[in-house]
Amino acid sequence: MKVAVIGAGIVGVTTAYELAADGPEVTVFERHGSVAEETSFANAGVVAPGYVTPWAAPGMQSKVLRHLVSRHAPVRISWPLSAAEMRWILQWRRACEPATFRANRERMQRLAFYSRERLHWLTDSLQLEYDRSRGYLVLLRSDKDQRLEQPSLQVLRDAGVAFHEIDAATARAVEPALNPDTPFVGAVHLPDDEAANCRQFAILLKRAAMEAGAQFEFDTSVQPLNPASPAALVVRKGDEAPRQQAFHAVVVCGGMSSTQLLRPLGLRVPLAPVWGYSISAPIREPLNAPRSALMDERYKVAITRLGRRVRVAGSAELGGDPLRKRKSSIDTLYKVLHDWFPGAAQLSNSCTAVQEWKGARPMLPDGPPVLGATGIPGVWVNLGHGSSGWALACGSARVVADLMSGHAPLLDIEGLGMERLLA
Ligand SMILES: Cc1cc2nc3c(=O)[nH]c(=O)nc-3n(C[C@H](O)[C@H](O)[C@H](O)COP(=O)(O)OP(=O)(O)OC[C@H]3O[C@@H](n4cnc5c(N)ncnc54)[C@H](O)[C@@H]3O)c2cc1C
């Protein structure tokens with residue numbers, strides 16, 4: 001059986017590996033010259049299943065409105081929005097309803113725990129070595145932050161996640177380089193969570209997929225699928241003339257572009273790009289740097305140790321010019337890094353060493369991704385992983401590979417299929 005995978009972000013690469021390991025002849029098409037060049041490029045790298053949750057949550061609407069006027073807002077809207085973005089907001093508002101939120105959170109967490117297991121299994125069995133660090137610390141600056149954290153802690157308890165509520169002194173023992181001049185009331189420590197370099201993992205897993213027989217066609221873009229023969233792809237490599245290549249099945253893992261790829265088939269996939277930013281810089285002095293991953297809960301900014309680099313990531317922005325990096329959002333990342341780990345990173349006198357990045361989270365309005373068959377023969381999807389694509393990728397890929405080979409996935413996949421979008 002010949003299978004095409006469209007897209008070589010973390011979702012496409014994991015899908016290609018799982019399929020190739022099962023036996024089909026896999027060809028991956030990627031318009032860039034390498035894997036993980038779009039949203040999977042420089043994300044925060046956090047894998048914390050207990051914190052994987054939909055952004056469509058009760059109370060989120062008023063939070064977003066409150067943040068619209070604050071200087072270091074974690075959430076921003078840039079007007080005007082497109083008609084598709086306005087429709088997305090209406091769907092998102094409906095999904096904030098408590099029962100819908102609870103169902104979607106349960107679906108996402110189920111997938112996230114399974115995915116972490118699969119990530120560890122792949123790492124161990126394929127002996128993949130990439131930058132990773134164990135432990136996750138959620139920093140709470142004030143009593144108010146601590147109060148607001150309580151519902152999340154109940155979710156962790158319900159999910160059986162190991163965590164400790166600790167005071168500031170204990171948090172400083174976990175992360176000794178935390179700035180002594182920045183006051184905070186305490187933290188939540190999750191010793192089993194982790195941060196890891198998503199792009200490095202994708203590069204290594206691509207090699208493993210190739211060893212299992214997968215072929216990667218880079219610098220090759222796929223045109224939107226043709227309803228007359230959806231698995232006969234029209235592909236174009238660089239400046240060459242477009243050519244047709246037929247497959248028995250195609251899996252769309254195109255991140256934000258999946259909507260466009262599927263539209264001619266009459267499948268409306270309401271993805272919105274929720275933009276975020278990261279800065280990555282070499283560590284100047286390891287003793288001043290974080291040991292693992294932290295989240296500043298007030299600013300929703302993650303700081304992660306990735307080998308000899310520190311990465312700071314955050315902000316959620318709807319609308320605006322995709323090519324423009326918003327200065328105030330980047331400034332917030334520098335501020336949070338400076339608040340907690342001044343002197344950790346080599347920032348000055350080395351502008352070229354600091355990587356400032358903007359990426360689009362491919363976000364469905366209600367939260368969970370969509371995995372599996374589309375109802376159109378030969379067309380499968382693995383898309384819409386939003387703010388948690390790294391944490392969800394390995395499990396999502398295994399589920400799709402199981403479904404395609406006719407095996408029952410090990411995970412209960414209720415609510416993770418295309419029918420959710422059509423309901
Ligand atoms: C600031 C920020 C921080 C984040 N932090 C985290 C985190 O800590 N933990 C976490 O789990 N997630 C995080 N995420 C989310 C995560 O990065 C994404 O969910 C994930 O990368 C999505 O992967 P993907 O493979 O679906 O998309 P992408 O990585 O965008 O891959 C899609 C690929 O498809 C290719 N493609 C599309 N259309 C075509 C076509 N027609 N022809 C050929 N190729 C095509 C694209 O070129 C691209 O390479 C973060 C995101 C951002 C922006």
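The following paragraphs treat the ligand site and then the cavities.

The model is predicted: local features require pLDDT of at least 70, side-chain atom pairs count only at pLDDT 80 or more, and totals for chains, interfaces and linings use all residues. Residues are numbered from 1 along each chain as its sequence is written, and side-chain values use heavy atoms, with hydrogens and water left out.

The ligand is surrounded by 37 residues, each with a heavy atom within 4 Å of it; Glu30, Ser40, Asn43, Gly386 and Ala391 are the closest. By class, this shell holds 14 nonpolar, 19 polar and 4 charged residues, where Ala, Val, Leu, Ile, Met, Phe, Trp, Tyr, Cys and Pro count as nonpolar, Asp, Glu, Lys and Arg as charged, and the others, Gly among them, as polar. A polar side-chain atom of Glu30 lies 2.6 Å from a ligand oxygen atom, while a polar backbone atom of Gly389 is 2.9 Å from an oxygen atom of the ligand. Of the 1000 Å² that the ligand exposes when taken alone, the protein buries 97% (Shrake-Rupley method, 1.4 Å probe).

Elsewhere, the whole structure contains 2 cavities of 30 Å³ or more (on a 1 Å grid over the protein atoms alone, sets of points where a 1.4 Å probe fits but cannot get out; lining residues have an atom within 4 Å of a point). The largest cavity holds about 40 Å³ of space, and its lining includes Arg76, Tyr299 and Leu333.

Key: Polar contact = N/O pair within 3.5 Å; in protein donor to acceptor, adjacent residues only side chain to side chain. 1 Å grid on protein atoms, 1.4 Å probe; cavity = no way out; pocket = protein on both sides within 12 Å on 5 of 7 lines; lining within 4 Å. Points joined across faces, edges and corners; volume = space filled by probe spheres on them.
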